[in-house]
Amino acid sequence: MGQNNCTPNIPGLENCYARYEQTDENKYPYLVANKHRLAESQNSQIFELYQKQQDQLRCYLQTSRQLSQSTRRNYEFEGRFLKLPSHLICHIMYFVIDDYINLLLVNTLWYTRLNEAFSKTVSIVDEKFQQSHSFLKLKQSKNAFQTFQFGRQQGFRLDRFLIAEITPGVENSIVKISYTYNCKGQEKAFCYKFGILRKNTVRTIWIGVDQSTNIYDKQTVPVIQPVLPFCVGDFIKIPFTLLNLQGQVNLQSIRWNKPLIEKLDVGIFGNPKHITMQPPLRFEPKDADWTLFQYFDHPMKKCFDNFKQIKLKECRCCGNGLVINRMNYTCVQEGHLTIPELNMKMVVKQGCITNQVNRATVSYELDNTLELRIGDLLTLYYLRGGDS
């Protein structure tokens with residue numbers, strides 16, 4: 001009576017429950033054997049998985065130790081290399097100049113230190129340039145590395161770009177700046193020419209491209225006016241070669257000469273008239289009979305009269321067999337402009353512009369981008385046809 005149990009106390013009932021509580025293992029012994037086999041197989045799989053994890057962990061620890069040792073060695077090497085004087089880093093870079101871009105991309109520390117080393121080493125170029133040219137205010141200088149194919153040999157060149165602002169004082173003149181330096185015991189000289197006009201003067205610039213059959217090059221290079229006109233307030237970009245296949249420039253031997261200034265004959269309409277600023281006879285033949293070219297239904301219209309930045313005023317042609325097209329444009333809208341036939345880029349801007357001045361006798365060097373100002377006049381000479 002005192003037991004708290006819901007099961008009635010009936011004699012013989014426990015035996016009945018015992019019969020019904022027999023499990024399947026007791027009824028079917030083969031199930032027990034299968035369960036033991038399954039347990040053994042699972043244990044073996046778990047053991048194999050455990051061994052694999054142990055092996056992987058052992059390999060990871062060994063690899064991490066090797067990486068930590070190599071990382072420590074790399075840190076030690078970086079610490080010693082980056083503590084070297086700037087001029088020694090530049091000398092070392094001469095032997096691994098082919099990997100210059102890859103070394104800059106190692107990490108931010110390498111990028112900063114290499115640029116800093118070059119800037120400190122070649123700062124003497126900036127100082128001497130500013131001391132010799134009072135009418136040019138140096139605003140920025142940066143390094144540029146370029147690779148190219150020189151015959152069968154892979155070529156390279158490392159340049160220092162000097163970007164200077166033109167200040168008032170030498171308007172309406174042709175300026176010639178030059179310098180001399182020693183390279184492998186030989187003295188060499190280079191010079192640059194450019195024109196300086198009054199502020200906001202409308203400039204006239206010509207470009208020539210030869211696509212005739214007389215040229216067998218697969219890709220022709222446009223000829224940009226070698227003596228570019230600039231206005232007061234514009235920026236000029238002067239490339240100064242530091243290192244190339246010919247060797248390394250002796251920076252201590254650099255000497256900037258006194259600039260030569262020649263007065264420019266400015267016409268009635270403000271356009272400069274100077275022999276160095278006129279197109280050669282190749283593009284502007286003497287006593288040529290220029291005929292107005294009606295090409296409104298011609299395929300050339302889509303190539304040369306389909307731009308928003310420049311507006312075509314007229315197109316004239318001359319020649320028989322070898323035809324020269326002379327197209328006069330006016331810059332009317334800001335924006336970037338690409339003419340596939342010219343293989344060059346043009347930018348029309350409002351305000352100050354920046355253009356590169358090439359060395360004398362060099363029509364194309366490094367940068368082929370030409371910046372124009374709204375209102376400037378552009379003359380394009382396009383040669384086609386030729387002798388069969």
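Which side chain does Glu165 meet in a salt bridge? Its partner is Lys139, at 3.6 Å from N to O.

Before the points, some ground rules. This is a predicted model, in which local features need pLDDT of at least 70 and side-chain atom pairs count only at pLDDT 80 or more, while totals for chains, interfaces and linings use all residues. Residues are numbered from 1 along each chain as its sequence is written, and side-chain values use heavy atoms, with hydrogens and water left out.

1. **The Glu165 pair.** A salt bridge here is a side-chain nitrogen of Lys or Arg within 4 Å of a carboxyl oxygen of Asp or Glu, and the structure holds nine of them. In the one between Glu165 and Lys139, Glu165 belongs to strand E2 (residues 153-166) and Lys139 to strand E1 (residues 136-150), so the contact ties together parts that are 26 residues apart in sequence. Helices (H or I, at least four residues) and strands (E, at least two) are DSSP runs, numbered from the N terminus. Lys139 counts as partly exposed, at 44% relative accessibility; the classes are buried under 20% relative accessible area, exposed over 50% and partly exposed in between (1.4 Å probe, protein chains only).

2. **Arg326 and its two partners.** Please look at this residue with care. Its side chain meets that of Glu284 in a salt bridge (3.0 Å, N to O). Arg326 lies in strand E16 (residues 322-331) and Glu284 in the loop between E13 and E14, so this pair ties together parts that are 42 residues apart in sequence. The charged end of Arg326 also sits over the ring of Trp290, 4.3 Å from its centre. The test for that is NZ of Lys or CZ of Arg within 6 Å of the ring centre and within 35 degrees of the ring normal. Arg326 is buried, with a relative accessible area of 15%. Trp290 is placed in the loop between E13 and E14 and is buried as well, at 14%.

3. **Another charge over a ring, and another bridge.** Lys237 lies over the face of Phe161, at 5.3 Å from the ring centre. Arg316 forms a salt bridge with Glu314, the closest N and O atoms being 3.4 Å apart. Arg316 is partly exposed at 24% relative accessibility, and Glu314 is partly exposed at 27%.

4. **Aromatic pairs.** A search of the whole structure finds 11 aromatic pairs. Rings of Phe, Tyr and Trp (its six-membered ring) pair if their centres lie within 6.5 Å; planes under 30 degrees apart count as stacked, over 60 as edge-to-face and the rest as tilted. The rings of Phe129 and Trp256 have centres 5.1 Å apart and planes at 70 degrees, so they are edge-to-face. Phe129 comes from helix H7 (residues 123-132) and Trp256 from strand E10 (residues 250-256), so the pair ties together parts that are 127 residues apart in sequence. Phe129 is buried at 0%, as is Trp256 at 7%.

5. **Helix H6.** What span do the 14 residues of helix H6 (residues 108-121) lead us to expect? At 1.5 Å a residue the helix should span 20 Å, and its end C-alpha atoms are 20 Å apart, which agrees. The expected span is 1.5 Å times one less than the number of residues. Its buried residues are Trp110, Arg113, Leu114, Asn115, Ala117 and Phe118.

6. **Positive phi values.** Most residues other than glycine have a negative phi. Asn200 has a positive phi of about 65 degrees; this residue is in the loop between strand E4 (186-197) and strand E5 (204-210), and is exposed at 61%. Asp287 has a phi near 55 degrees, in the loop between strand E13 (272-273) and strand E14 (291-292), and is exposed at 73%.
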